Amino acid sequence: MSDHSGISRRSLLVGSGAAGVAGASIGYFGKKSSAVQSMTEVAKIGFYGVHQSGIENTPGLISNFVAFDLIDPTKANLQSVLRLFTDDAARLTQGKPALADGAPELAVNPANLTMTLGVGPSLFTRVPRLPSKPEFFNEIPAFPNDQLDPKWSGSDFIIQFCCDDSLTLSHAVGMIAKDLSTLAQVRWIQTGARSDKPAFSGTTSVRNLMGQVEGSDNPLPGNPIFNSLVWINEGPQWAKDGTILILRRIQMLMDKWEILDRSAQEMVIGRRLDNGAALGNKVENEPVNFEATDTLGLPLISANAHIRLAHGASLSERIYRRPYNYDNGIVDGKRDLGLIFAAFTSNPVTSYLPIQGRLAQSDSLNKWITAIGSSTYLILPGCTENSYIGETLFT
Amino acid sequence: MSLPKTVEITFATKLMDIGTGIVVLDPSRKNIVSGPFTVSEYSLSAPISDSKILGTYEVTYRVVSEDGHPVEGRFNFYLGQSSAPTASPDRVTEKSGRTWPNIFLPLAVVLALGIAFIFRRYRNIK
Ligand code: HEM
């Protein structure tokens with residue numbers, strides 16, 4: 001409850017109004033952190049806005065997805081969590097120490113830190129008197145090949161931390177876990193990383209641990225349909241301008257994958273390994289011709305190629321993918337690595353579920369991947385300086 | 001005289017269903033594969049539509065063996081008389097209990113020497 005300097009983090013914030021908070025923080029940090037704070041004019045991503053950060057901006061190089069359960073699931077406790085989170089995130093993402101920060105020096109390099117909070121479907125059954133959730137927001141059903149482990153699946157809420165510096169990231173996660181410790185328990189943490197180099201020059205796609213170019217056909221921010229694909233615009237008002245995160249931990253069976261000929265590996269996806277071009281195309285960004293044939297007249301992108309099945313049947317059946325790689329070292333003599341598949345959509349029922357349904361049924365990639373964790377969260381709308389993330393749930 | 005309902009090719013090695021493809025051209029060069037193919041442990045089969053055209057039918061396929069190597073191949077069969085020189089596989093067996101008068105028809109094509117052999121033999125068709 002109290003940090004080592006004896007100042008109660010919660011007493012500074014919860015229960016007192018915003019003005020009280022500001023007063024307390026100046027009193028405490030006025031002298032101590034001024035030198036530190038002058039060094040912070042570095043890479044940082046704004047916290048306030050219509051939408052939470054951590055979705056539209058380029059993903060940081062490393063991430064932590066931290067899943068929490070409320071200890072005592074009351075509305076008041078949830079509100080305290082959201083207020084504490086907002087206050088911490090608004091500071092830490094800007095290179096400012098949190099209130100009662102035990103190691104303020106670790107906060108000065110924001111390194112593009114983003115902190116993004118989402119609530120799980122379980123919250124709405126556990127916490128009494130919350131407004132109802134959108135009807136398109138539910139746990140993801142288990143798919144036939146899934147081998148889901150509860151230690152990677154589900155929770156009352158999640159915080160996605162993305163950052164370019166491991167020290168900053170550790171500090172932010174530690175700070176939040178400490179500040180929420182009397183209110184919420186960490187259920188699991190998934191640590192991810194992305195390559196810091198594009199797969200080749202002239203692309204924004206990066207390679208995953210299978211060596212594939214990932215991100216070729218992804219509706220990125222700036223795409224005219226990004227807003228309608230990603231930001232919620234139907235259902236209860238409190239969720240408007242939020243989005244739904246689908247988070248799956250997908251293990252890659254590398255030993256089996258590596259015996260495949262390169263050309264066979266390319267057939268599994270339907271794209272080339274070197275430059276990500278769809279089979280039959282020369283470059284990554286050419287529109288995919290799913291009817292293309294080779295000189296023998298055989299289809300180049302086979303019936304069960306990953307991109308054929310994942311490709312949206314309509315313009316609205318698309319998801320925005322923002323994945324990370326994970327590598328958990330060697331477990332029981334086997335490499336434990338894969339993809340933290342993170343996708344955002346305004347409506348999973350009309351986009352994600354049909355895609356995943358087709359993949360589960362016949363994706364040839366299934367032989368080399370296994371989903372071992374699966375969760376979904378409603379990423380709350382953003383907030384202004386005078387409010388907090390999730391305030392819309394209480395008004 | 002008519003065609004069977006499916007073409008089935010059996011291999012000496014187990015298959016993986018990656019990049020699989022099969023095209024069956026009738027003598028007018030129309031693809032008569034009429035539905036999704038099936039890959040079972042050792043064989044690839046595809047339904048074909050009925051065709052009464054006499055002449056050479058050309059089967060082209062791509063499979064991937066269990067050890068991860070893609071293989072493409074092609075062979076012909078005939079309805080009625082041969083209209084072109086044959087590139088038939090080494091051994092052709094018919095499924096028991098069915099006869100196809102006047103047709104040299106591999107209902108089951110057993111590639112006795114395995115796909116490595118077929119690969120070598122047909123790789124130049126590209
Ligand atoms: C370890 C698991 C996975 C791997 C390694 C993987 C890999 C890839 C690769 C290499 C591409 C082609 C490049 C690109 O467009 O990004 C791709 C495309 C895609 N993947 Fe996956 N993927 C995985 C899981 C999933 C899952 C679980 C889904 C969704 C349910 C999914 C949905 C998509 C979509 C929508 C595309 C774009 C298809 C298109 O329209 O062309 N992927 N994936």
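Visitor: How many residues separate A:D87 from A:R91 in helix α4 of chain A?

Guide: This is a predicted model, and in it A:D87 and A:R91 are four residues apart in helix α4 (residues 75–92), so about one helical turn lies between them. Helices here are DSSP runs of H or I with at least four residues, strands are runs of E with at least two, and both are numbered from the N terminus.

Visitor: What do the side chains of A:D87 and A:R91 do?

Guide: The side chains of A:D87 and A:R91 form a salt bridge, 3.0 Å from N to O. A salt bridge here is a side-chain nitrogen of Lys or Arg within 4 Å of a carboxyl oxygen of Asp or Glu.

Visitor: Is A:D87 buried or exposed? And what about A:R91?

Guide: A:D87 is buried, at 13% relative accessible area, and A:R91 counts as buried too, at 17%. Buried is under 20% relative accessible area, exposed is over 50%, and partly exposed is in between (1.4 Å probe, protein chains only).

Visitor: OK, over to chain B. Which residue does B:K14 pair with in a salt bridge?

Guide: B:K14 pairs with B:E41, and their closest N and O atoms are 3.2 Å apart. B:K14 is in the loop between β1 (6–10) and β2 of chain B, while B:E41 is in the loop between β3 (38–39) and β4 (43–47), so this pair ties together parts 27 residues apart in sequence.

Visitor: How accessible are B:K14 and B:E41?

Guide: Both come out as partly exposed: B:K14 has 28% relative accessibility, and B:E41 has 49%.

Visitor: What about B:E58 and B:R74, how do their side chains meet?

Guide: They meet in a salt bridge, 3.4 Å from N to O. B:E58 belongs to strand β5 and B:R74 to strand β6 of chain B, so the pair ties together parts 16 residues apart in sequence. Both B:E58 and B:R74 are buried. Over all chains, the structure holds 15 salt bridges.

Visitor: Switching topic: how much area do chain B and chain A bury between them?

Guide: About 1,500 Å², with 65% of it on carbon and sulfur atoms. B:I18, B:R62 and B:P70 supply 31% of what chain B buries against chain A, more than any other three residues. Buried area is the accessible area (1.4 Å probe) that two parts lose on being put together, summed over both.

Visitor: How many residues does each chain bring to the contact?

Guide: Chain B brings 22 residues and chain A brings 20. Contact means heavy atoms within 4.5 Å.

Visitor: Which residues make the salt bridge between the chains?

Guide: The count between chain B and chain A is one salt bridge. A:D294 and B:R62 form it, with their closest N and O atoms 3.2 Å apart. On the chain B side, β2 (15–25), β5 (55–65) and β6 (70–79) each supply at least two of the residues that touch chain A. The largest share, eight residues, comes from β2(B). There's also a network of salt bridges linking A:D294, B:R62 and B:E72.

Visitor: Where does B:V23 sit, and what does it touch?

Guide: B:V23 is in strand β2 of chain B and is buried, with a relative accessible area of 7%. Leaving aside neighbours within four places in sequence, its contacts include A:G297 and A:L298 from chain A, plus B:V33 and B:E58 from chain B.

Visitor: And what is the overall makeup of chain A?

Guide: Chain A has 11 helices and 11 strands. Of its 395 residues, 55% count as buried.

Visitor: How confident is the predictor about chain B?

Guide: The mean pLDDT of chain B is 71, and 63% of its residues reach 70 or more. pLDDT is the predictor's confidence in each residue, from 0 to 100. Over residues 85–126 of chain B it stays under 50. Where pLDDT is low, the predicted coordinates should not be read in detail. For the model as a whole, the scores are ipTM 0.77 and pTM 0.86.

Visitor: What are the ground rules for the numbering and the values?

Guide: Residues are numbered from 1 along each chain as its sequence is written, and chains are lettered from A and ligands numbered from 1 in the order in which they are written. Local features need pLDDT of at least 70, side-chain atom pairs count only at pLDDT 80 or more, totals for chains, interfaces and linings use all residues, and side-chain values use heavy atoms, leaving out hydrogens and water.
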